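Please look over the sequence and the model shown here, and keep both in view while reading the briefing that follows.

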Amino acid sequence: MSIEPRFGRLITAMITPFDESGALMLDSAGELAVRLVEQGTDALLVNGTTGESPTLDRSERIALFHEVLCATERKVPVIANVGDNCTHDSVAFARKVESLGVHAMMVVTPYYNKPPQEGLYRHFRAVAQAVDVPVILYNIPTRCVVNVDAATILRLAHDVENIVALKQATDDLEQLRAIIADMPDDFEVFSGDDAFTLPLMREGGTGVVSILSHLCGPQVREMVTAFAAGDIETAERLEKVLMPLAHALFETTNPILVKKGLELIGFPAGNLRLPLVEATDEQTARLKAQMDETFAQLDAVGRK
C-alpha cells in the first residue's frame, strides 16, 4: 500500500439526482459533488451502483462525468465507472470517457454473464489496456453473482500496469488477506461497504468507497484518517457511533435510503428511476429515527 494513497482514503460513491419526470438533474449533481468535497471526500466515484448506473444511457453518463469534472474544477480525483457486462462495449466506452479527462476509471465485474475466472481476467485486462488512466477493479459478488477470486485479482494487479486498486464489496476476510499478502506495493484496496471499513483497514487496506459520507462526510473522513494515523481509539469510537446508520441505509436496496437521507437533511437528491422505488413511510420513519440518534451521539462526542 502506498504511503500517500493516490485517491485519498475516503471516496464517495455519488448518487445521481433525477427530477420528478426521471430526467437527469445535472446542476444538482454538480452541487452535490462540491458539497461532498467540502465535507471531506478525497475523490468522487460517479455512475457506480449508488449512482443507479444501470438506468443511465451512455450520453447521460458522459454528461454526468463532464458536470462533476467542471463543478469540482478537476481539483479532486473523479473516478468514472465505465464497466458493463459486454467487454467490447466497455472498451469502446472507456476510450470515449478517457477523452473527457477523468482521473481514473472503475470497472465492475461483468454481471448476468457469469463468466469463469479466465473470462473475468481477460475482460478487466482488455478494458484497462484500452486506456492510459488508472483503473480500479470492482468486486461485488452480491450483485454480480460471481466473485473475482483472489488469484485473479492478484494476476491482474501484477500483469496490468494501470490496474492500481480494488473496491472489495465483500466481507470475506480470508480473501482480503490473500490479496493484501501478495499484491504489488503500490496496489490499494478499498472497502465497498461502510460497515467493513475498519476491519479492512486493520488488514492493511487503504480506506472506503462510502455512501454514508453523503450524510456524515466529516466523521467518516475523521474515522479513516485517525485510523491511518494510529489513533485507533478515535477511529473505533466513531465507528461505534456511525455503523448503526451505515446498516440502516441498507434496510432496502441502495440508494433508496441514502437519497431519502439527503432529503431529510435538506439536500433534495431527487427521485429514483424504475425499477427502484421510493422509500416507504415506515422505512423513512426508521431512517429518520436512526439519523437523529446518530447525529445526537456525534454531537455528544464533538461532531465536526
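A residue is called buried when its relative accessible area is under 20%, exposed when that area is over 50%, and partly exposed in between, as judged with a 1.4 Å probe and protein chains only. Helices (H or I, at least four residues) and strands (E, at least two) are DSSP runs that are numbered from the N terminus. This is a predicted model, in which local features need pLDDT of at least 70 and side-chain atom pairs count only at pLDDT 80 or more, while totals for chains, interfaces and linings use all residues. Residues are numbered from 1 along each chain as its sequence is written, and side-chain values use heavy atoms, with hydrogens and water left out.

- In helix H7, which spans residues 173-182, the buried residues are Gln175, Leu176, Ile179 and Ile180.
- These residues lie on the same side of H7, because they cover an arc of only 125° around the axis, where the arc is that of the directions from the helix axis to the C-beta atoms.
- Glu174 and Ala181 are exposed residues carried on the face of H7 that is turned away from its buried side.
- The cover over the buried residues of H7 includes strand E5, helix H6 (150-159), strand E6, strand E7 (188-191) and helix H8 (197-202), with contact meaning heavy atoms within 4.5 Å.

- Strand E4 (residues 104-108) pairs with E5 in the parallel sense over 4 bridges, two strands being paired if DSSP finds at least two bridges between them.
- Within this pairing, Met106 has Ile136 of E5 as its bridge partner.
- Between E4 and E5 the chain passes through helix H4 (residues 117-129), and this β-α-β crossover is right-handed, a word used when, with the strands pointing away from the viewer, the path from the first strand over the helix to the second runs clockwise.
- E5 also pairs in the parallel sense with strand E6 (residues 163-168), over 5 bridges, and the bridge partner of Leu137 in E6 is Leu166.

**A buried glutamate**

- Glu60 has its place in helix H2, residues 58-71, and counts as buried because its relative accessibility is 17%.
- Leaving aside residues up to four places away in sequence, Glu60 touches Leu24, Thr55 and Arg273.

**Salt bridges**

- Side chains of opposite charge can pair when their charged atoms come close.
- A search of the whole structure finds 14 salt bridges, each being a side-chain nitrogen of Lys or Arg within 4 Å of a carboxyl oxygen of Asp or Glu.
- Lys75 and Glu73 form one of them, at 2.9 Å from N to O; Lys75 is exposed with a relative accessible area of 66%, and Glu73 is exposed with 53%.
- Lys288 and Asp292 form another, their closest N and O atoms being 2.9 Å apart, and they are separated by about one helical turn because they are 4 residues apart in helix H12 (residues 281-300).
- Lys288 is partly exposed at 41% relative accessibility, and Asp292 is partly exposed with a relative accessible area of 41%.
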